[in-house]
Amino acid sequence: MRTYSKAVHTVMVAASAAALAVVSPAPAASAAAVTIRVVPAYSETQEESSSWFVCPTNQVLTGRSHHGDENADTTYTCSWIFINDEQVQVSIGDWSLEYKESNSNYSSPPNQALVGRRHILDENGWTRYRSASLAWRGQTVRLIDPVWTGNLKESNHNYQTGTQRVLIGRAHSGDENGNTRYQHAYVTIDA
């Protein structure tokens, strides 16, 4: 009898182990690697006091430079965003409200990049911004980790975002000798 109970016990332990193996969840599949690239594609220069700029189709702002006063030129830089070598779709929104340039501070809505800027006159004139949502394969492209730059002298600067980052905001105070700051964010997607 003793041998029989050992055999039954052994069968029960084996059956329990098999049942546990069946109900245990399968190991999670590793998320597919995603490659994101922000590639400069277009630049345009306009006179600052009458600039009205919007990036070309499916591009976002990644840089701006200005040298001189309101009669000098401003150069805008736009870039494409690629995820796994497929171009991100950019859906442009409306223009923002007007901000007095000498005391302006604008940030795009969440997960939207800057695609345009409009400015008239000098530091007492008005500035407006245009932002856009981003999508890849029908999925929202997220813009995370927003950071403001330090102060840059408006009349003598050239700013370009870093790797995998796009512009999402700008602030300016004073005249052409005042400070300009840029807000930029990291491009990502939920895998």
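This is a predicted model: local features need pLDDT of at least 70, side-chain atom pairs count only at pLDDT 80 or more; totals for chains, interfaces and linings use all residues.
Local features are reported at pLDDT of at least 70 and side-chain atom pairs at pLDDT 80 or more, whereas totals for chains, interfaces and linings use all residues. Residues are numbered from 1 along each chain as its sequence is written, and side-chain values use heavy atoms, without hydrogens and water.

The structure contains 6 aromatic pairs, a pair being two rings of Phe, Tyr or Trp (its six-membered ring) with centres within 6.5 Å; planes under 30 degrees apart count as stacked, over 60 as edge-to-face and the rest as tilted. Phe53 and Tyr76 form a stacked pair, since their ring centres lie 4.6 Å apart with the planes at 5 degrees. This pair links distant parts of the chain, with Phe53 in strand β2 and Tyr76 in strand β4 (residues 73–83), 23 residues apart. Strands are DSSP runs (E, at least two residues), numbered from the N terminus. Both Phe53 and Tyr76 are buried; buried means under 20% relative accessible area, exposed over 50%, and partly exposed in between (1.4 Å probe, protein chains only).

A stacked arrangement is also found for Tyr159 and Tyr182, with ring centres 5.1 Å apart and planes at 10 degrees. Because Tyr159 belongs to strand β14 and Tyr182 to strand β16 (residues 179–188), the pair ties together parts 23 residues apart in sequence. Tyr159 is buried at a relative accessible area of 12%, and Tyr182 is buried at 1%. Tyr99, Tyr106 and Tyr129 are linked by ring pairs into a cluster.

Gln164 occupies the loop between β14 (156–160) and β15 (165–173). With a relative accessible area of 15%, Gln164 counts as buried. Its side chain makes a polar contact with the side chain of Tyr186 at 3.1 Å. Such a contact is a pair of N or O atoms within 3.5 Å; within protein, one must be able to donate a hydrogen and the other to accept it, and residues adjacent in sequence count only if both atoms are side-chain atoms. Beyond its neighbours within four places in sequence, Gln164 is in contact (heavy atoms within 4.5 Å) with Ile36, Val38, Ala185, Tyr186 and Val187.

Pro56 lies in the loop between β2 (50–54) and β3 (60–67) and is partly exposed, at 27% relative accessibility. Apart from neighbours within four places in sequence, Pro56 is in contact with Tyr42 and Cys78.

Ile120, in strand β9 (residues 112–120), is partly exposed, with a relative accessible area of 42%.

Definitions and conventions:
Helices (H or I, at least four residues) and strands (E, at least two) are DSSP runs, numbered from the N terminus.
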